[in-house]
Amino acid sequence: MESFLRLHRRLACFDENLATLGGSLVALAIRLYIGWQFFKSGLVKISDWGATLSLFRDEYHVPLLPSELAAVMGAGGELLFPVLLLLGLFSRPAAIGLFVVNLMAVLSYPQLFMFECPAAVNDHAFWGALLLVLVAYGPGKASVDAWLDGRIRT
């Protein structure tokens, strides 16, 4: 039993370093993936603003907002929040902002649930879950937030 405990103690001494490095790499991968998905969508929206306005008037039914304001807020959120996530700057607020954008996309486009292919809804659920991981665990060490935290503490 003593040898088992010694082995466990030796292996456990790496746990914190592995968790920090591994968690930071996972957070970076999530930030890059999610940021790119939403940023591409924002670029599509601003590439043909007339079509975007038409979609928000005719297809998307954002609750409580006029369609023009919803289009500006949606495109703006899809362009601003991903940049913040990619940098790891104000990461938790950016992840919450994208979570809201994602939630509004699902709520305002009920046709997502009528498609034969469930991938559209599944993508939004997956993105929402990844954003909640960033909210809960933060952006990791490879972020401007971590760098700023280090500067503040010294």
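Mentor: Let us begin with a term: a helix here is a DSSP run of H or I with at least four residues, a strand is a run of E with at least two, and both are numbered from the N terminus. The model is a predicted one, in which local features need pLDDT of at least 70 and side-chain atom pairs count only at pLDDT 80 or more, while totals for chains, interfaces and linings use all residues. Residues are numbered from 1 along each chain as its sequence is written, and side-chain values use heavy atoms, with hydrogens and water left out.

Trainee: Okay, so where does leucine 131 sit?
Mentor: Leucine 131 is placed in helix α6.

Trainee: And is leucine 131 buried or exposed?
Mentor: Leucine 131 counts as buried because its relative accessibility is 0%, where buried means under 20% relative accessible area, exposed means over 50% and partly exposed lies in between, with a 1.4 Å probe and protein chains only.

Trainee: What does leucine 131 touch, then?
Mentor: If we do not count residues up to four places away in sequence, leucine 131 touches Ile34, Phe38, Leu85, Ala95, Leu98 and Phe99, where contact means heavy atoms within 4.5 Å.

Trainee: How many residues separate alanine 95 from phenylalanine 81?
Mentor: They are 14 residues apart in sequence, and their C-alpha atoms are 7.2 Å apart in space.

Trainee: What about the other end of α5, where serine 108 is?
Mentor: Serine 108 is part of helix α5 and is buried, with a relative accessible area of 3%. Setting aside neighbours within four places in sequence, serine 108 has contacts with Glu59, Tyr60, His61 and Val62.

Trainee: Changing topic, what is the volume of the largest pocket?
Mentor: The largest pocket has a volume of about 590 Å³. On a 1 Å grid over the protein atoms alone, a pocket is an open set of points with protein on both sides within 12 Å along at least five of seven lines, a cavity is a set where a 1.4 Å probe fits but cannot get out, and lining residues have an atom within 4 Å of a point. Grid points are joined across faces, edges and corners, and the volume is the space filled by probe spheres set on the points.

Trainee: Which residues are nearest its centre?
Mentor: There are 26 lining residues in the largest pocket, and Lys45, Glu78, Val101, Met104 and Ala105 lie nearest its centre. Two or more lining residues come from each of α2 (15–47), α4 (67–87), α5 and α6 (119–137), and α5 gives the most, with 6 residues.

Trainee: What kinds of residues line the largest pocket?
Mentor: The lining of the largest pocket divides into 17 nonpolar, 6 polar and 3 charged residues, where Ala, Val, Leu, Ile, Met, Phe, Trp, Tyr, Cys and Pro count as nonpolar, Asp, Glu, Lys and Arg as charged, and the others, Gly among them, as polar.

Trainee: And the second largest pocket, what is its volume?
Mentor: The second largest pocket has a volume of about 370 Å³, and of its 20 lining residues the closest to its centre are Tyr137, Gly138, Pro139, Gly140 and Lys141. Its lining takes two or more residues from each of α2, α6 and α7 (144–153), with α2 giving the largest share, 6 residues.
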